[in-house]
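Student: I have not seen this structure before. Please show it, and then let us go through the terms used to describe it.

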Amino acid sequence: MPSSTRDITVQYVKTALRKKVESHGSGVAEPDQRGKHHNRPFKYPEVVRNLIRAHIQNFPIIDSHYVRATTSKQFLPEELNVSMMSRMLMTEVRRAGIENVEISRHLYDHIFNTEFNLSFFTLKKDGYVSLLLHYTKILCSLQYKLSDWKI
């Protein structure tokens, strides 16, 4: 009988013996299968992911000459944030009349944080306000061509 002082139950021993038999005598237990399933209830189509990637790439990049030597990070204007960018994309999709596209903020955040090396520019050492105003005007004049996407 398994030891109650070590908190080993009968079911624990039965499972270990069953897995040893299932391993065909090799003695190597199979890997833990908790949380491993291939029946995801919803997966975003690659077309939607590509639409988000293209939208993020449309924003103007600001090079910061102070940190160029120490980082490969690129910067977006400080007036932006990820929430604002995702709302802009959702508005453009609705304006284009595309009905069957679901774009979640979570997916936009995930793609922004994992696939792009971007941050939002903040002035630290100098006051290039005219530079920021220039990029803000460019940003406001951007028009996204969603008609190219076949969704």
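Student: What makes the link between the side chains of Arg 53 and Asn 50 a polar contact?

Tutor: The side chains of Arg 53 and Asn 50 are joined at 2.7 Å. A polar contact is a pair of N or O atoms within 3.5 Å; within protein, one must be able to donate a hydrogen and the other to accept it, and residues adjacent in sequence count only if both atoms are side-chain atoms. The model is predicted: local features need pLDDT of at least 70, side-chain atom pairs count only at pLDDT 80 or more, and totals for chains, interfaces and linings use all residues. Residues are numbered from 1 along each chain as its sequence is written, and side-chain values use heavy atoms, with hydrogens and water left out.

Student: Why is Arg 53 called buried?

Tutor: Arg 53 has a relative accessible area of 17%. Buried means under 20%, exposed over 50% and partly exposed in between, with a 1.4 Å probe and protein chains only. Arg 53 is therefore buried. Of the chain's 151 residues, 27% count as buried.

Student: Which residues does Arg 53 touch, not counting those up to four places away in sequence?

Tutor: Arg 53 touches Glu 46, Ile 111, Glu 115 and Phe 116 on that count. Contact means heavy atoms within 4.5 Å.

Student: Where is Arg 53 found?

Tutor: Arg 53 is found in helix α2, residues 46-57. Helices (H or I, at least four residues) and strands (E, at least two) are DSSP runs, numbered from the N terminus. The chain has five helices and two strands, in the pattern α-α-β-α-α-β-α along the sequence.

Student: Why are α2 and α4 called oblique to each other?

Tutor: The axes of α2 and helix α4 (residues 105-115) cross at roughly 60° and come within 10 Å. Axes are lines fitted to C-alpha atoms, for helices over the stretch in contact, and angles run from 0 to 180 degrees between N-to-C directions. Angles under 35 degrees count as roughly parallel, over 145 as roughly antiparallel, 65 to 115 as roughly perpendicular and the rest as oblique. α2 and α4 are therefore oblique. Residues making this contact include Arg 53 of α2 and Ile 111 and Glu 115 of α4.

Student: What are the crossing angle and axis distance for α2 and α3?

Tutor: The axes of α2 and helix α3 (residues 82-96) cross at roughly 115° and come within 11 Å. Among the residues in this contact are Leu 51 and Ile 52 of α2 and Met 85 and Met 88 of α3.
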